[in-house]
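Here is a short briefing on selected local features of one chain. Please look over the sequence and the model before reading on.

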Amino acid sequence: MSAENVIAPEVNKTHDHILILDFGSQVTQLIARRVRESGVYCEIWPFNHADDDRIKSFNPKGIILSGGPCSVLDEEAPAAPEIVFTLGVPVFGICYGQQTMVKQLGGRVAPGEGSGEFGRAHVEVTNHSDLTQGVWDTGAREQVWMSHGDHVAELPEDFHIVAKSEGAPFAVIANKDKKFYGVQFHPEVVHTPHGRDLFKNFTHKVCGCAGDWTMQNFREESIAKIREQVGDKKVICGLSGGVDSSVTAILLHEAIGDRLTCIYVDTGLMRAGESEQVVALFREHYNIPLIHEEAEDLFLGKLDGVSDPETKRKIIGGLFIDVFDKCAKEVGDAAFLAQGTLYPDVIESVSFTGGPSVTIKSHHNVGGLPERMNLKLVEPMRELFKDEVRELGRALGMPEDFIRRHPFPGPGLAIRMPGEITRDKLEILRKADTVYLDEIKKAGLYDKIWQAFAVLLPVRSVGVMGDGRTYDYVCALRAVTSTDGMTADYYPFEHEFLSRVSTRIINEVAGINRVTYDITSKPPGTIEWE
């Protein structure tokens with residue numbers, strides 16, 4: 001699969017487009033989320049995969065240049081393709097994006113030399129612009145989130161200053177005639193309170209986008225697209241038990257009816273009662289043809305003695321494909337395989353430099369299927385972020401309690417159990433996880449949390465229960481808030497809540513005698529432990 005095919009879904013030609021060129025920022029996906037929240041379709045491309053013909057074919061209404069880790073003063077600093085500034089569409093440069101725009105158009109960027117800004121800062125609004133209209137008034141002092149060393153020192157011709165800060169004399173700049181705008185701060189992060197409004201001004205007021213990117217429209221267009229792609233052929237869909245694959249299956253069923261067969265490979269690594277819920281939802285509620293392959297013994301046998309997290313993932317992913325392939329042959333003459341691949345999976349599978357990404361974790365959807373299956377792919381949600389999938393589920397009329405379920409990793413409980421996996425440890429973890437989630441729901445906190453789960457650590461500690469000493473496992477609890485899983489903060493439970501959960505787990509789950517709470521954010525940590 002070429003990098004170009006990996007980084008961009010098929011161009012959606014029905015709606016206005018915004019193109020985001022990525023220079024390697026860790027929060028580029030947040031830019032896309034802000035644009036889509038304003039009802040505008042967008043895609044993220046690495047800056048050096050954006051040749052002239054490809055950009056013209058995409059037909060963007062505007063272009064956004066992301067931040068990045070490099071300095072524009074470096075000898076081989078990344079630069080935007082020249083067509084960005086000659087295409088005749090509005091351009092919005094953010095942090096590094098502002099600096100490369102300034103440098104490429106004849107301005108000057110100066111090195112930081114101790115004058116950089118990192119974290120919360122304030123800008124003084126000195127002038128009017130379409131970017132800030134109705135959001136910031138002239139003379140106002142507004143909070144933003146800065147993260148820069150270098151700064152713009154001299155503007156290109158026909159640009160003017162809109163706002164300044166202590167460390168950035170040109171914190172917001174504009175060329176009104178060409179509709180070029182630049183900001184030194186990061187409007188995509190929540191720490192810039194009015195960032196969402198600035199993006200909407202860019203997409204709607206500056207670029208003139210209609211704002212008609214909705215999940216109801218996406219549903220109707222996807223059904224038509226699926227029917228056109230599949231024709232009268234059969235499709236098989238792999239169910240993981242999570243929201244993504246379930247929404248994919250129900251969307252496909254709306255499009256092609258009983259020509260869809262779902263395959264649920266029961267790995268034995270699901271949460272308590274989850275397999276039963278999945279089977280009941282598809283067989284009884286939706287009456288969708290379903291193969292339920294019980295393969296717990298096979299998976300646990302292959303994982304016996306394995307403790308390395310990446311090896312676990314590869315064993316589970318490879319074995320899943322083998323079992324799935326066997327089940328697919330039982331279906332017979334299927335021509336297509338449907339996957340719940342999402343846009344973050346697509347983006348994370350290639351780095352902004354076009355080379356191999358740093359491996360944070362393996363994505364089992366993208367490029368993970370063997371050619372021997374000889375099936376064409378149907379990936380109807382390849383354009384969507386996680387929260388958009390939930391909105392699509394609502395548009396499809398799925399049960400709300402299913403749509404609201406927290407994300408669950410493909411390898412299941414295997415990566416919530418550092419060290420070796422055993423049946424006994426899985427049972428202990430399931431019980432602890434059930435108690436934890438039960439308390440979260442009783443407290444009315446489930447919908448305020450992006451993801452919550454228990455982790456069984458490969459550590460035993462001494463405890464005292466009754467008149468005897470114990471030597472049992474340690475359980476770690478994890479709960480995070482997030483908008484899309486790219487960044488996350490731990491949820492600030494009250495101590496009384498944590499004490500109650502800990503007491504219940506220790507009293508009700510044999511094998512655990514100590515409970516801890518993980519307060520690590522992402523970054524530097526990840527949400528899952530493996």
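Predicted model: local features only at pLDDT ≥ 70, side-chain atom pairs only at ≥ 80, totals over all residues.

Residues are numbered from 1 along each chain as its sequence is written, and side-chain values use heavy atoms, with hydrogens and water left out. Helices (H or I, at least four residues) and strands (E, at least two) are DSSP runs, numbered from the N terminus.

**Aromatic pairs**

- The count of aromatic pairs is 17. Rings of Phe, Tyr and Trp (its six-membered ring) pair if their centres lie within 6.5 Å; planes under 30 degrees apart are stacked, over 60 edge-to-face, and the rest tilted.
- Tyr436 and Phe493 form an edge-to-face pair, because their ring centres are 6.3 Å apart and their planes stand at 70°.
- That pair links distant parts of the chain, 57 residues apart. Tyr436 belongs to helix H14 (residues 423-442), while Phe493 sits in the loop between strand E19 (489-490) and helix H15 (495-508).
- Tyr436 is buried at 0% relative accessible area, and Phe493 is buried at 9%. Buried means under 20% relative accessible area, exposed over 50%, and partly exposed in between (1.4 Å probe, protein chains only).
- Tyr490 and Tyr517 are also edge-to-face, with centres 6.4 Å apart and planes at 75°. This pair joins strand E19 to strand E20 across 27 residues.
- Tyr490 is partly exposed at 34%, whereas Tyr517 is buried at 19%.
- One aromatic cluster takes in Tyr436, Tyr490, Tyr491, Phe493, Phe497 and Tyr517.

**Charges over rings**

- The charged end of Arg405 sits over the ring of Phe402, 4.6 Å from its centre. The criterion is NZ of Lys or CZ of Arg within 6 Å of the ring centre and within 35 degrees of the ring normal.
- Arg460 places its charged end over the ring of Tyr473, 4.1 Å from the centre.

**Helix pair H9 and H10**

- Helix H9 (residues 296-303) packs against helix H10 (residues 309-331) at about 145°, with axes 10 Å apart. Axes are lines fitted to C-alpha atoms, for helices over the stretch in contact; angles run from 0 to 180 degrees between N-to-C directions.
- H9 contributes Leu298, Phe299, Lys302 and Leu303 to the contact. From H10 come Lys312, Ile315, Ile316, Leu319, Phe320 and Val323. Contact means heavy atoms within 4.5 Å.

**Glu530**

- Glu530 lies in the segment after strand E20 (512-517). Its relative accessibility is 17%, so Glu530 counts as buried.
- The side chains of Glu530 and Lys312 make a polar contact of 3.0 Å. Such a contact is a pair of N or O atoms within 3.5 Å; within protein, one must be able to donate a hydrogen and the other to accept it, and residues adjacent in sequence count only if both atoms are side-chain atoms.

**Backbone features**

- Most residues other than glycine have a negative phi, and most peptide bonds are trans.
- The Lys522 to Pro523 peptide bond is cis, with omega near -15°. Pro523 and Pro524 are also joined by a cis bond, omega about 15°.
- Asp158 has a positive phi near 75° and is exposed at 55%.
- Asn287 has a positive phi near 55° and is exposed at 59%.
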